[in-house]
Amino acid sequence: MKTVAIVSTTGGAGRSTLTAELASLLASRKHQVLAVECDPRNVLGFHFGMRDIPSEGLGAFLHDASATAWARTGQRSADGVLFIPWGDSTELGAIERLASNWLARQLERVDLPPRGVVLVD
């Protein structure tokens, strides 16, 4: 499994668009793809057809050490990309917890095949 993080220090740089397009391209080439939204604005999900911001998502489960807590919020796009939305959490300090390797430890638990790809937006 490969993990690719698409990062930018400024909003509006095209990070979510690039992540969504890359995810769809990889899925069309028969890779299993997991796209993870790390932006409280939930832009990535809208690229995949999400109509409303879900109440639960990665942001709501940062305090929960269990892999299944955040994994159950996954949604599948029409082109086969599995994505985890951020959700409606605006908890202060959530992004800092992501930086403390919480996300890396959780992604290690994901059962993707060797050709699988995780994209982090």
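The buried residues of helix α1 are covered by elements that include β2, α2 and β5. Contact here means heavy atoms within 4.5 Å, and buried means under 20% relative accessible area, with exposed over 50% and partly exposed in between, using a 1.4 Å probe and protein chains only. Helices (H or I, at least four residues) and strands (E, at least two) are DSSP runs, numbered from the N terminus.

Before going on, the provenance. This is a predicted model, in which local features need pLDDT of at least 70 and side-chain atom pairs count only at pLDDT 80 or more, while totals for chains, interfaces and linings use all residues. Residues are numbered from 1 along each chain as its sequence is written, and side-chain values use heavy atoms, with hydrogens and water left out.

Now the overall layout. The chain contains 4 helices and 5 strands, and from the N terminus on the elements run β-α-β-α-α-β-β-α-β. The chain has 121 residues, of which 43% count as buried. Take the contacts between residues at least 6 apart in sequence: 73% of them join residues at least 24 apart.

Back to α1. This helix has 14 residues and spans 20 Å from its first C-alpha to its last, close to the 20 Å expected at 1.5 Å a residue; the expected span is 1.5 Å times one less than the number of residues. Its buried residues are R15, S16, T19, A20, A23, L26 and A27. Viewed down the axis of α1, the buried residues fall within an arc of 135 degrees, so they line one face of the helix. That arc is taken from the directions from the helix axis to the C-beta atoms. After α1 comes K30, with a positive phi near 70 degrees.

Next, the sheet. In what order do the 5 strands stand in the open sheet? The order is β1-β5-β2-β4-β3, and the pairing is mixed. Two strands count as paired if DSSP finds at least two bridges between them. At the edges are β1 (2-5) and β3 (75-76), each with a single partner strand, so one side of each has no neighbour in the sheet. Helix α1 (residues 15-28) packs on this sheet and touches β2 and β5 (117-120), its direction making about 170 degrees with that of β5. Those axes are lines fitted to C-alpha atoms, for helices over the stretch in contact, and the angles run from 0 to 180 degrees between N-to-C directions.

Strand β2 deserves a slide of its own. β2 (residues 33-36) and β4 (residues 82-84) run parallel and are joined by 3 bridges; L34 has L82 as its bridge partner in β4. β2 and β5 also run parallel, with 4 bridges between them, and the bridge partner of V33 in β5 is V117. From β2, V33 and A35 point one way and L34 and V36 the other way, and all are buried.

On to the charged residues. Side chains of opposite charge can pair when their charged atoms come close. The structure holds 3 salt bridges, a salt bridge being a side-chain nitrogen of Lys or Arg within 4 Å of a carboxyl oxygen of Asp or Glu. One of them joins R15 and D39, at 2.9 Å from N to O. R15 is in helix α1 and D39 in the loop between β2 and α2 (43-47), so this pair links distant parts of the chain, 24 residues apart. R15 also forms a salt bridge with D121, at 2.5 Å from N to O. With R15 in helix α1 and D121 in the segment after β5, the pair ties together parts that are 106 residues apart in sequence. A further salt bridge runs between D39 and R41, whose closest N and O atoms are 2.8 Å apart.

Which of these residues are buried, and which partly exposed? R15 is buried at 15% relative accessibility, D39 at 7% and D121 at 5%, whereas R41 is partly exposed at 47%. Through shared partners, the salt bridges join R15, D39, R41 and D121 into one network.

One last residue. L103 lies in helix α4 (residues 94-107) and is buried, at 9% relative accessibility. L103 and L58 are 45 residues apart in sequence, and their C-alpha atoms are 9.3 Å apart in space.
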